[in-house]
Amino acid sequence: TDYNHVKTMSKEEAVAAGVYQVIGADIDDPYIEELKSQVLHMDAIKEMAKELKIVYSPLHGTGNIPARRVLKELGFENVYVVKEQELPDFTTLEYPNPEDPKAFTLALKLAKEKDADIILATDPDADRLGVRVKDKNGEYHTLTGNMSGCLLADYEIGQKKELQGLPKDGALIKTIVTSNMADAIAAEYNVKLIEVLTGFKYIGEQIKFFEQQGTYEYEFGFEESYGCLVGTHARDKDAVVAVMALCEAAAYYKTKNMTLWDQMIQIFEKYGYYKEGQKAITMKGAEGAEKIAELMDKLRNETPKKFGSWDVLEARDYKKDECVDLKTGEKKSTGLPSSNVLYYALSDNAWCCARPSGTEPKIKF
C-alpha cells in the first residue's frame, strides 16, 4: 500500500475532525450496569459480601479498574488486589498469561495470608480468566478453562432454570476443542448445544445469527482456553463478567456451606469425570513451519486407525469439510467453515484434535 498520500494529523486536528474519541463514563457506566443486570442471586451476594474473601490480580493489565469496580458496586467487601501486579509496568511477569502457573505465585502467597476462598487473575487485555479455588482443607486447586467454563455453564443455566425457567430455544455454545462435558450440561437442561471453530469470534458470530434469524436464545458460551461470556453485551470473551459471575457463584455455594471446589466435584459426580490434556510442540523458523505442515499432511492423508489403545471411529477434516465414518466409509460435511483442523472421534467417548497455532510456531494436540 502506498501511504504517501496519507496526511498525519495532530491530536487537536483529529479531535476537531471527530476521528479521535476517548471512551469514557458514557461507555463504562452502562457496561458495568449491563454486567450487574446478569446477576441471578443478589440475595446470596448480600448474605456473603462480608464473608467471601477474594484475591484478584489484573496481571498488570486492563482488568484492574472494571473488575474491582463491579465487585465493589455489588457489595463484596473483601477483595484483595495483588499490589505488585496492579500497575501496567509488567515488572513481575515475563509471560502474563493466566494459563501459566507462574502467573499465580504472588496471588497464592496473598491468598494464604488472607485465607481467601477464591483467586482470580485476568490476562492483560481482560478477556481471559484464570482461577484457583480453596477446598475445605485450605488447599488451592487450579480450575482449567474447561472446568471453570463448565462450572459457570452449570451455574448460569441451572440457576436461571430454577429462578425463572429457561426459554424453549436456549443455546449453549462451545468450540470444537472444548470439553464434551458441555454437551452433557446442554442435554441435562435441554438446551441446544452448538459447536463452532476455535476462536471466540465464532461464538460471538452465533449471537449475531440468533438475533438476525430469531433462531435461538444465547444462554452461555465458552472455550477451553479460559474465555467465556455471560450475557450478550459483547461479541467476545469478557473476563470482567467472568470475575463477577464466579464471585457470585462462590457466594451462592457458600450460602450452602460449599466451596467452589465442592461444587466442581459435584459437577464431575453428576456429569462424569472428564479428563483433558493439551500438548503443544514448538517448531521455530521456516523449517519448523514446513515440519508442522508435513505433520498435518501426513495425518490428513494417512488417517490413524488408533490413538494409543483407543480406536478411531470418525475422522473430521475441517479443511476439506469432510467427516468420514471409519467403519462404513460414509462421508458427510462438517457443517463448519474451512479451517486447518483434524479431529478424531475415538472409542469410549474420547477424542483427539490436531491443529497448528494461528499465532505461534506451534502445533497443538
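Analyst: Two strands count as paired if DSSP finds at least two bridges between them. Helices (H or I, at least four residues) and strands (E, at least two) are DSSP runs, numbered from the N terminus. This is a predicted model, in which local features need pLDDT of at least 70 and side-chain atom pairs count only at pLDDT 80 or more, while totals for chains, interfaces and linings use all residues. Residues are numbered from 1 along each chain as its sequence is written, and side-chain values use heavy atoms, with hydrogens and water left out.

User: What stands opposite glycine 221?

Analyst: Leucine 229, in strand E9, stands opposite glycine 221. E8 and E9 run antiparallel and are joined by 3 bridges. The hairpin that they form has 3 residues between the strands, and tyrosine 226 there takes a positive phi near 75°.

User: And which way do E6 and E8 run?

Analyst: E6 and E8 run parallel, with 5 bridges between them. Across from phenylalanine 222 in E8 stands lysine 174.

User: How many residues of E8 are buried?

Analyst: E8 is mostly covered, with 6 of its 7 residues buried. Here buried means under 20% relative accessible area, exposed means over 50%, and partly exposed lies in between (1.4 Å probe, protein chains only).

User: Moving to H8, which of its residues are buried?

Analyst: The buried residues are Phe200, Ile203, Gly204, Gln206, Ile207 and Phe210. Viewed down the axis of H8, they fall within an arc of 150°, so they line one face of the helix. That arc is taken from the directions that lead from the helix axis to the C-beta atoms. In general, an α-helix has 3.6 residues a turn, so residues three or four places apart point the same way.

User: What do those buried residues of H8 pack against?

Analyst: Their neighbours are strand E6 (170–175), strand E7 (192–196), strand E8 (217–223) and strand E9 (227–229), where contact means heavy atoms within 4.5 Å. The face turned away from the buried side carries the exposed residues Lys201, Gln212 and Gln213. Just after H8, glycine 214 takes a positive phi of about 65°.

User: There is another sheet I would like to discuss. What is the order of its 5 strands?

Analyst: The order is E2-E1-E3-E4-E5, in an open sheet with mixed pairing. Strand E2 (78–81) and strand E5 (140–143) stand at the edges with a single partner strand each, so one side of each has no neighbour in the sheet. From one strand to the next, the twist averages 20°.

User: How many bridges pair E4 with E5?

Analyst: Strand E4 (residues 129–134) pairs with E5 over 4 bridges, in the antiparallel sense.

User: Which strands does H9 touch?

Analyst: Helix H9 (residues 239–255) packs on the sheet and touches E1, E3 and E4, with its direction at about 175° to that of E3. Axes are lines fitted to C-alpha atoms, for helices over the stretch in contact, and angles run from 0 to 180 degrees between N-to-C directions. Helix H5 (residues 105–114) lies across strand E1 (53–57), E2, strand E3 (118–122) and E5, and runs at about 160° to E1.

User: At what angle do H4 and H9 cross?

Analyst: The axes of helix H4 (residues 64–74) and H9 cross at roughly 35° and come within 9 Å. Pro66, Ala67, Val70, Leu71 and Leu74 in H4 meet Val240, Val243, Met244 and Cys247 in H9. Helix H2 (residues 25–36) also packs with H9, at an angle of about 35° and with the axes 10 Å apart. There, Tyr31, Leu35 and Lys36 in H2 meet Val240, Val241 and Met244 in H9.

User: Is valine 240 buried or exposed?

Analyst: Valine 240 is buried, with a relative accessible area of 4%. Leaving aside residues up to four places away in sequence, valine 240 touches Tyr31, Leu35, Pro66, Ala67, Val70 and Ala126.

User: Finally, where does lysine 237 lie?

Analyst: Lysine 237 lies in the loop between E9 and H9. Its relative accessible area is 17%, and lysine 237 is therefore classed as buried. Again leaving aside residues up to four places away in sequence, lysine 237 touches Asp127, Arg128, Phe200, Glu223, Gly227 and Cys228.
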